[in-house]
Amino acid sequence: MRPMLGRLVHDKVALVAALYLLAVVVVALVAPLIVDASLMRSNLRLRHLPPLHVDHGWWYVLGGDALGRSMLARLVVAARTTLAISFATVALSLVIGAAIGLVAGLSNAWWSTAIMRAIDVLMSIPSLLLAMVVLFVIGASPLVVVMILTVTRIPIFARTARSQALEIRERPFVSASRVMGASSLHLLVRHMAPLALPTLFAVAALEFAQVMLAESTLTFLGIGVQPPDVTWGLMVSDGQRYLATAWWSALWPGLVIASIALAATILGNWFQVANDPVLRARSARKSRAPAVESKVASNA
Amino acid sequence: MANRLRARRTLGATLLASAVVLGFGAPALAQQNDAITVVQEQEPDTLDPCELTKKNVGMVIRENIVETVTEINQQTGKVDPRLAESWSTIDDTTWRFKLRPGVKFHDGKPLNAAAFIQAFKRMMDPNLSCSNRVLYFEGMGVDLTAVDDLTVDVKTPQPSPIMPVLMSMVGIESPATDAHALVRNPVGTGPYRLAEWASGRSITTERNPDYWGEKPQVGKVTYVFREEPAVRAAMVANGEADISPVIAPQDATNKDTDHSYLNSETVRLRFDIGKPPLDDIRVREAINYALDRQAMLGTVFSASWQPAKNMVMPTINGYNDAVPFWPYDPDKARALIAEARAAGVPVDNEILLIVNSGSPGGTEAPTVMIEMLKDAGLNVRLQILESAEFYKFFYKPFGDGQPANILFESHDNNSGDAGFTLVGKYASWGGTSKLNDAEVDSEIKRGLAATDPERSAIFRGVFEKVHDMAVDAVLYHQTTDTRIGPRITYTPTAATNQELQISQIKFK
Amino acid sequence: MARYVLRRALQSLYAVLMLLLIVFAMTRLTGDPTNQYLPLSASPQARADFAALHGFNDPYYVQFIRYVSDLAHGDFGQSLFKQRPAMEVALEAFPITLTLAFFTMSIALVLSIVLGSLAAMRPNGRFDRMISPLTIFTASAPTFWVALVAIFVFAMMLGWVPTSGMGTPAHWILPVCVLVLTPLGVLTQVVRSSMVSSLSAPYAKTALAKGASDARVVFVHALRNSLLPLITIAGVQATGLVNGAVVIETIFGFPGIGKVMIDSIRDRDFSLTIACILLAAVVVYAMNVAIDIMYARLDPRVQIGGEARR
């Protein structure tokens with residue numbers, strides 16, 4: 001753990017990304033403490049207040065939204081719900097999808113093909129239709145949001161994981177392991193999953209952003225978050241009407257979403273390099289810092 | 001491998017480059033002298049004349065390709081002749097319409113009594129589900145007889161005082177029109193005929209040289225469809241279109257090209273009057289006092305909307321101007337709620353505010369309204385719903401066990417008569433009415449059977465009564481914003497919401 | 001090979017039938033179109049008549065049997081709203097979507113291979129630090145926002161292209177460019193991360209030991225292996241595009257199948273919904289078969305089709 005942290009500190013960009021993500025999580029957690037309830041009330045005089053007008057207080061540095069509420073305060077309050085929903089969705093769909101895909105890719109049994117055909121069928125069902133059916137059958141409970149979003153995201157991870165598994169299973173070490181008596185489960189968990197992870201994480205980081213944006217369409221169906229509760233995705237879609245006049249309404253939440261995807265990707269890329277001695281060596285070879293060289297030498 | 005990659009890249013680049021070069025040769029801006037482009041919200045699903053009361057269909061064909069029997073004059077509110085020159089009552093239940101002589105359909109056939117009757121019967125065919133019939137002639141049992149070549153008697157089982165008004169909703173198409181299915185090529189009598197329908201892309205109409213009336217200035221019209229309002233506004237600003245009959249209020253920023261017009265729609269909050277706490281008149285009055293209607297204009301609602309007292313426009317027969325506006329009095333609202341609470345009314349029960357997604361004012365207006373109601377002491381929660389779920393709350397039959405709700409609705413009446421509104425909104429048998437009051441019902445029935453001036457007087461009385469009962473919170477008369485390009489002049493009217501008469505468009 | 005294709009075709013047929021059954025049930029669960037089709041003030045009697053006329057009150061299995069027997073005669077039903085055969089409407093809209101998808105994926109694939117491999121050559125190097133954030137940003141930016149800004153800048157301010165519509169090749173530039181951004185961002189990262197990962201595999205070290213230059217190692221060996229996840233995720237992106245890029249189609253006024261499908265779901269126009277879904281599914285399943293065949297071609301070690309190599 002300590003060497004990892006050391007490597008993180010040394011890689012400035014990745015460090016910034018990690019700190020940024022940490023800051024976002026902290027802000028999300030302490031939001032109720034720092035945002036006063038009055039900031040969430042509409043104040044029509046301040047409707048579409050342009051940014052950098054600090055004569056109304058520091059909270060309005062990012063401007064006011066369509067109801068005159070502080071954009072900054074709304075972003076802070078939205079963080080919690082957005083992160084909770086998106087993280088739960090991506091984590092669930094990653095785990096379930098990867099499990100399905102890896103298993104299907106590893107085995108040649110008839111049921112592995114059946115699973116992939118089922119995934120194909122799932123991909124062909126429009127998410128709107130799925131959402132409307134779930135709404136009708138189950139109703140608009142909060143868990144439904146994560147459920148619907150997860151189900152529509154699973155095929156992405158399943159197909160990716162399967163393609164990884166198809167390639168990895170042909171590698172010599174796999175047949176060698178089998179000869180030595182390794183079970184499929186052991187292969188899956190100890191060897192194949194870690195090898196598939198980098199690509200899966202790369203996809204997951206970007207999926208994070210897509211999920212945040214997709215959540216707002218569910219609001220308009222009456223599922224999940226209803227105003228005045230708010231998520232970043234909802235702020236983006238609310239602000240879209242005013243692109244020509246009050247461009248900041250959609251810009252700030254959009255930037256937040258994109259920046260989180262960026263930070264997650266940077267961290268994921270860093271992790272991939274930092275975790276693998278060979279890759280560390282490759283990228284360190286170009287650096288001029290002798291300290292790093294000696295670390296590599298001692299770990300080789 | 002690298003070579004293949006390079007070759008692919010080069011090919012791709014070449015394709016892209018040639019596409020760009022070819023594309024620039026075709027300017028989208030060149031227009032013939034007397035041709036215009038109109039950009040609509042949505043492509044109509046059909047162009048059948050019996051659907052011309054549907055907005056998307058009417059915008060293209062109404063009074064352009066297909067003409068109606070009579071026409072409502074938007075300035076006076078009276079009924080003007082169109083395909084019928086004159087009309088009178090023969091007896092209590094029969095109207096006699098005299099058709100205009102010398103009018104021909106685009107396929108050469110003459111307009112006469114037989115053609116009229118056939119078109120009307122086609123509209124009434126239950127298998128076609130024509131919206132013209134469903135909206136205005138449902139269950140009417142109309143009996144038509146040809147008196148002579150140009151005269152038709154229209155007889156109904158009950159007296160129908162507003163038959164001339166209803167006839168403004170009837171389009172007459174050629175007798176050669178397919179009687180068993182909706183058509184995509186309407187053949188009417190209008191100043192324009194259909195030239196082409198490139199499905200999904202555009203509809204083109206051309207001037208009809210044999211038109212019976214005045215020759216219009218515009219020779220050719222191309223209708224294109226863009227659902228996104230910002231894009232429609234951009235197209236007119238960019239010269240790619242000459243007029244967008246509907247743009248969004250936040251895009252209506254150019255005073256030279258953008259005009260707003262009252263569009264005969266009125267919005268209100270409908271109270272679930274049978275369920276506590278909305279069954280208590282103090283609560284209903286409190287809601288009306290708690291809403292700051294002025295503050296919402298120009299902020300969450302368009303600045304050009306006008307506060308409303310009745311659910312119909314001032315030009316509609318039956319409008320009661322003496323009904324007062326509800327003043328904004330938050331203190332009085334709080335006092336009324338406190339009083340109700342003391343009397344045991346369950347004012348803390350949660351009330352849902354139901355809003356259809358895509359309503360004007362979006363999510364912002366309901367949020368603000370809820371804040372105002374909470375300040376008065378009520379417990380209101382927003383619930384956005386999409387169409388099908390919304391309709392369950394909007395229409396009868398209302399489901400069992402629906403929570404007490406306030407519903408934000410928009411109502412359109414441009415028929416010239418308040419009867420449709422009063423029945424739909426306040427009669428106990430009205431499809432979207434929550435009211436069940438015997439006195440209101442009997443007054444409405446009396447008014448429907450009466451003719452003017454008695455009819456108007458009775459209707460005015462009903463509007464006054466529902467105001468006093470605080471049956472709902474009538475909010476605003478809506479406006480539509482339109483953008484008109486520099487090549488043409490056109491004055492929008494309340495009817496521009498559902499028809500765009502090209503003959504009214506002139507070049508500068 | 002032919003046996004494999006045939007087997008997959010049969011499996012896909014089975015999948016299509018399952019899809020049909022599922023979607024049929026799902027659409028019926030969303031209600032019926034009576035309230036969408038009839039005007040707001042239609043009477044309850046009119047609604048009842050309408051529902052009876054179109055058989056919406058019949059039990060589901062009766063409706064299903066009726067639908068399937070029509071289907072057996074090649075009749076996909078009538079679109080209630082458009083008053084035309086449902087498959088005719090779907091077939092009219094589909095080529096537009098396919099064309100958009102084709103151009104978008106071609107450009108995205110080519111560009112992402114180039115950008116991703118260049119970035120992987122020096123992980124966290126200058127090029128990587130420039131390209132990665134840019135592509136991630138464009139990939140996570142809301143499409144609606146990007147499209148409107150693009151129209152505003154390139155069509156209104158600069159006047160280089162028209163705002164919207166389909167008429168000429170110039171009309172396609174903005175929509176395709178905006179559509180490309182998300183797949184480009186995702187695929188660039190996929191190429192990059194899987195190439196970086198491949199570079200740690202034994203064959204890379206062997207090639208280095210043999211003295212081949214950096215460039216050859218990257219492009220010849222690692223790229224080949226990275227093509228597998230690339231075409232998988234490209235397939236996923238393409239599936240999304242084939243099902244219709246609704247936002248782009250709406251904003252730019254392209255009457256593609258995405259918009260038709262979404263509108264038909266909202267309207268409860270069941271026949272049209274099913275026709276659109278089936279049409280898109282056929283193309284998507286065919287594409288998945290092609291992708292699987294490409295796996296075997298690209299990486300001779302990969303065995304598809306259940307014949308394990310010992």
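**Before you start**

This is a predicted model, in which local features need pLDDT of at least 70, side-chain atom pairs count only at pLDDT 80 or more, and totals for chains, interfaces and linings use all residues. Residues are numbered from 1 along each chain as its sequence is written, chains are lettered from A and ligands numbered from 1 in the order in which they are written, and side-chain values use heavy atoms, with hydrogens and water left out.

**Exercise 1. Find the order of the four strands in the open sheet of chain B, and say which strands stand at the edges.**

Step 1. Helices (H or I, at least four residues) and strands (E, at least two) are DSSP runs, numbered from the N terminus. Two strands pair if DSSP finds at least two bridges between them.

Step 2. In chain B, the order is S5-S6-S8-S7, with antiparallel pairing.

Step 3. Strand S5 (84-91) and strand S7 (143-148) of chain B are at the edges; each has a single partner strand, so one side of each is left without a neighbour in the sheet.

Step 4. Neighbouring strands of this sheet are turned by 25 degrees against each other on average, direction ignored. Axes here are lines fitted to C-alpha atoms, for helices over the stretch in contact, and angles run from 0 to 180 degrees between N-to-C directions.

Step 5. Now zoom in on one pair: strand S6 (residues 94-99) and strand S8 (residues 151-155) of chain B are joined by five bridges in the antiparallel sense. Look for B:Trp95, whose bridge partner in S8(B) is B:Val154.

Step 6. Lying across S6, S7 and S8 of chain B is helix H3 (residues 113-124) of chain B, which runs at about 170 degrees to S7(B).

**Exercise 2. Is helix H7 of chain B largely enclosed or largely open?**

Step 1. Buried means under 20% relative accessible area, exposed over 50%, and partly exposed in between (1.4 Å probe, protein chains only).

Step 2. In helix H7 (residues 281-290) of chain B, seven of the 10 residues are buried, so the helix is largely enclosed by the rest of the structure. Among them are B:Val283, B:Ile287 and B:Tyr289.

Step 3. The cover over these buried residues includes strand S14 (258-271), helix H9 (330-342) and strand S19 (472-484) of chain B. Contact means heavy atoms within 4.5 Å.

Step 4. At the N-terminal end, B:Asp280 caps H7(B), with a side-chain oxygen 2.8 Å from the backbone nitrogen of B:Arg282.

**Exercise 3. Describe the interface of chain B and chain C.**

Step 1. Here 43 residues of chain B are in contact with 49 residues of chain C.

Step 2. The buried area is about 4000 Å², and carbon and sulfur atoms give 63% of it. Buried area is the accessible area (1.4 Å probe) that two parts lose on being put together, summed over both.

Step 3. The rule finds three salt bridges across this interface. In one salt bridge, B:Glu227 and C:Lys259 have their closest N and O atoms 2.7 Å apart.

Step 4. H1(B) gives the most to the side of chain B that touches chain C, with eight residues.

**Exercise 4. Are A:Ser259 and A:Thr152 buried or partly exposed?**

Step 1. A:Ser259, in helix H10 (residues 248-274) of chain A, has a relative accessible area of 15% and is buried. Leaving aside neighbours within four places in sequence, A:Ser259 is in contact with A:Tyr20 and C:Phe137.

Step 2. A:Thr152, in helix H6 (residues 142-168) of chain A, is partly exposed at 22%.

Terms used:
A salt bridge is a side-chain nitrogen of Lys or Arg within 4 Å of a carboxyl oxygen of Asp or Glu. A polar contact is a pair of N or O atoms within 3.5 Å; within protein, one must be able to donate a hydrogen and the other to accept it, and residues adjacent in sequence count only if both atoms are side-chain atoms.
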